[in-house]
Amino acid sequence: MEAQSSATPVTPVAVAAHRDRAGLGTLQAALGVIAFSLTFPATAWGLEGFGPWSLVAVRSVLAALVAGGCLLAAGAPPRARGRAWGRVPPPDRRHWPGLAVVGAGVVLGFPMLTTLALQTSTTAHAAVVVGLLPLTTALLSALRVGSRPSRTFWAAALAGAAAVAVFTVRQSGGAPTTADLYLFAALLVCAAGYTEGGRLARVMPGWQVIGWALVLCLPLTVPAAAIALALEPVRLTAHSVAGLLWVAAGSQFLGLVVWYRGMAAIGIPKASQLQLAQPLLTLVWSVLLLNERLTPAAPLTAAAVLVCIAVTQRTRA
């Protein structure tokens, strides 16, 4: 009798609240995927007027300025307003190593490596890394935070990743290039940053995770931007400025804010599988924004990917 009285009853209200939270988390993760799908086309635009090192460093500095402004402007309880660092207190010391991983992965590593790859690779070929990113993120999540997805989940994830990889590799001819080395390295560092960011988003707001990671990288990105701008030619055009602004504000900050919130709500493995749709979205943007040609195989691959996403979202992670 004592054991029964100590158990917490599962009420219809609690079930409904859990479903609402999961639905909101899925929506937030999906918005992050949409924002990320524009990253490669926007980077290609940015490279029309900036060198690769300038583009990466300046985008990180601009994103850090946006994040820093949000950290300063965000309200806090009255008792916290007297703190020395703005209105949002710094994270606990135990969270800084994780924030450093986020910074190294999604603030510095992934943008730098993919930008270098896009100098010689098309956006379709670069989408290979995005197609394989969900599976890599799920693997690192299982190792890092102890996630144990079901066999059905893994089967659907592998099938979706294989479909995206085959499609994108065929689009580029399948010949390995130097850009592939950059892309596979970007895959690993980004998956590590996503995994650590999703873990931290469970104990602090998602926007603060990426915000503090961006601020943490400022001592590196500010001098890097100054040196790169002095050494690389800059040609300001409508495309280059728009591309820079999007990768800074959209991809580097706002997209990661909703992405980390979504991962915290529905779990890293499930959120990562939503990214299976990202390469196909990127190809659509490439057609619309860069005039790249889309083959008839795209609708078939899209259907296969959507089926895989549906399966992974229905399985228990």
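**Exercise 1.** Is Asn291 buried or exposed?

*Solution.* The model is predicted.
- Step 1. Locate the residue: Asn291 sits in the loop that joins helix 13 (278-290) to helix 14 (297-314).
- Step 2. Read its relative accessible area, which is 68%.
- Step 3. Apply the cut-off: exposed means over 50%. Asn291 is therefore exposed.
- Step 4. Look at the backbone. Most residues other than glycine have a negative phi. Asn291 is not a glycine, yet its phi is positive, at about 60 degrees.

**Exercise 2.** Find the helix that holds Thr123, then decide from its relative accessibility how the residue is classed.

*Solution.* 
- Step 1. Thr123 belongs to helix 6, which covers residues 123-144.
- Step 2. The relative accessibility of Thr123 is 2%.
- Step 3. Buried means under 20%, so Thr123 counts as buried.
- Step 4. List the neighbours. Leaving out residues up to four places away in sequence, Thr123 touches Phe40, Pro41, Leu118, Thr282, Ser286, Leu290 and Glu292.
- Step 5. Take one of these, Phe40, and compare sequence with space. Thr123 and Phe40 are separated by 83 residues in sequence, while their C-alpha atoms are 6.0 Å apart.

**Exercise 3.** Describe how helix 4 and helix 10 cross, and name the residues that make the contact.

*Solution.* 
- Step 1. Two packed helices are described by the angle between their axes and the distance between the axes.
- Step 2. For helix 4 (residues 52-73) and helix 10 (residues 218-231), the axes come within 8 Å and the crossing angle is roughly 135 degrees.
- Step 3. On the helix 4 side, the contact is made by Trp53, Ser54, Ala57, Val58, Ser60, Val61 and Ala64. Helix 10 contributes Leu218, Thr221, Val222, Ala224, Ala225, Ala228 and Leu229.
- Step 4. Sorted by type, the contact residues give 11 nonpolar, 3 polar and no charged.

**Exercise 4.** What does the secondary structure of the chain come to, and what percentage of its residues count as buried?

*Solution.* 
- Step 1. The chain has 14 helices and 0 strands.
- Step 2. Of its 317 residues, 50% count as buried.
- Step 3. Among contacts with a separation of 6 or more, 90% link residues 24 or more positions apart.
- Step 4. The accessible surface is about 15000 Å², and carbon and sulfur atoms account for 68% of that area.

Definitions and conventions
Residues are numbered from 1 along each chain as its sequence is written. This is a predicted model: local features need pLDDT of at least 70, side-chain atom pairs count only at pLDDT 80 or more; totals for chains, interfaces and linings use all residues. Side-chain values use heavy atoms; hydrogens and water are left out. Axes are lines fitted to C-alpha atoms, for helices over the stretch in contact, and angles run from 0 to 180 degrees between N-to-C directions. Helices (H or I, at least four residues) and strands (E, at least two) are DSSP runs, numbered from the N terminus. Contact means heavy atoms within 4.5 Å. Ala, Val, Leu, Ile, Met, Phe, Trp, Tyr, Cys and Pro count as nonpolar, Asp, Glu, Lys and Arg as charged, and the others, Gly among them, as polar. Buried means under 20% relative accessible area, exposed over 50%, partly exposed in between (1.4 Å probe, protein chains only). Accessible areas come from the Shrake-Rupley method with a 1.4 Å probe; for residues, only the protein chains shown count as cover.
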